[in-house]
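Biologist: I'm new to this one. Could you walk me through it?

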Amino acid sequence: MTVYDLQKGQSATVIKIEADGKACARLAACGFTAGSKITVLGYSLFKSSVLLGCRSVRLAVRKSIADKIFVDN
């Protein structure tokens, strides 16, 4: 299951992130690493991006990146 499969308001624990390059480095710098708990705060119009929360950080990611963040309830 990926972050994109979660509903608004759902929380889950990150299992792995398959993004590469700058996207992976940006996620790690913001605290989105394996083992961290994230919450889906909302989706954009047409679900083209996702607003995620992790600890005190809010980060919007595109659908292509959200599909590479694997989570477990």
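**A chat about the fold**

Modeller: Let's start with L51, which is found in strand β3. Strands here are DSSP runs of E of at least two residues, and helices are H or I runs of at least four, numbered from the N terminus. This is a predicted model, where local features need pLDDT of at least 70, side-chain atom pairs count only at pLDDT 80 or more, and totals for chains, interfaces and linings use all residues. Residues are numbered from 1 along each chain as its sequence is written, and side-chain values use heavy atoms, with hydrogens and water left out.

Biologist: Is L51 buried or exposed, or partly exposed?

Modeller: L51 is partly exposed, because its relative accessible area is 31% (buried means under 20%, exposed over 50%, partly exposed in between, with a 1.4 Å probe and protein chains only).

Biologist: And what is L51 in contact with?

Modeller: Leaving aside neighbours within four places in sequence, L51 is in contact with T39, V40, L41, G42, R58, L59 and A60. Contact means heavy atoms within 4.5 Å.

Biologist: Which way do strands β3 and β4 run?

Modeller: They run antiparallel, with 6 bridges joining β3 (residues 49-54) to β4 (residues 57-62). Two strands pair if DSSP finds at least two bridges between them. S49 stands opposite R62 in β4. In the hairpin there are 2 residues between the strands, and R55 takes a positive phi near 55°.

Biologist: New topic. How many aromatic pairs are there?

Modeller: The count comes to 1 aromatic pair. Rings of Phe, Tyr and Trp (its six-membered ring) pair if their centres lie within 6.5 Å; planes under 30 degrees apart are stacked, over 60 edge-to-face, and the rest tilted. Here Y4 and Y43 are edge-to-face, 5.9 Å centre to centre with 90° between the planes. The pair links distant parts of the chain, with Y4 in the segment before β1 and Y43 in strand β2, 39 residues apart.

Biologist: Why does Y4 count as buried?

Modeller: Because its relative accessibility is 16%. Y43 is partly exposed, at 24%.

Biologist: What lies over the face of Y4?

Modeller: K63 does, at 4.8 Å from the ring centre. A charge sits over a ring if NZ of Lys or CZ of Arg is within 6 Å of the ring centre and within 35 degrees of the ring normal.

Biologist: Last one: where is S36 found?

Modeller: S36 is in the loop between α1 (22-29) and β2. S36 is buried, with a relative accessible area of 4%.
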